[in-house]
Amino acid sequence: MAFTGNYSCNTLRSGLADGTINFATDMFYLALYTNTATLDSTTTAYTTIGEASGGDYTSGGQLVTATVSSENTTTGSTVYVSFSSPAWTGEITARGALIYLEDGVTNPSICVLDFGNDKTSTSTFTVQFPAVTNTSAIIRIS
């Protein structure tokens, strides 16, 4: 099964509810995947199945730094999270990515990113996140 969209994972919601995920202090990684990967909201943890390869990409992906912000408006308040943009050099093809919490045990999934189609780079492969605002950040909680 191929990528079918962008998802916040069920493990993100349960981790926020039980306090096992903390964007301010935890370490997060972004791993790249080919279209052979099966990732969606039910993905529970980082997996090597369908993971991309090539260039200087290594299994497990790259550390990304989470930035947490909040905004209060007349229509309500929103907490939003974005991540630093990881980059790799060399020839790499990926269809999507998984952000996960690197906890050394279960590595729970945070969110699945579907690039829409295969993206290929021959020099630098960069995952560029949207603007860090209450309407466009990768994770928004209102």
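**View 1. A residue pair between β4 and β5.** Glutamate 71 has threonine 78 in β5 as its bridge partner. Strand β5 covers residues 76-83 and runs antiparallel to β4, with 8 bridges joining the two. Strands (E, at least two residues) and helices (H or I, at least four) are DSSP runs, numbered from the N terminus; two strands count as paired if DSSP finds at least two bridges between them. The model is predicted: local features need pLDDT of at least 70, side-chain atom pairs count only at pLDDT 80 or more, and totals for chains, interfaces and linings use all residues. Residues are numbered from 1 along each chain as its sequence is written, and side-chain values use heavy atoms, leaving out hydrogens and water.

**View 2. The open sheet β4-β5-β10.** This sheet has 3 strands in that order, with antiparallel pairing. Strands β4 (66-73) and β10 stand at the edges with a single partner strand each, so one side of each has no neighbour in the sheet.

**View 3. The largest pocket.** Its volume is about 360 Å³. A pocket is an open set of points on a 1 Å grid over the protein atoms alone, where a 1.4 Å probe fits, with protein on both sides within 12 Å along at least five of seven lines; lining residues have an atom within 4 Å of a point. Volume is the space filled by probe spheres set on the points, which are joined across faces, edges and corners. Among the 22 lining residues, Asn6, Cys111, Val112, Leu113 and Ile138 are the closest to the pocket centre. Strand β8 gives the most to the lining, with 6 residues.
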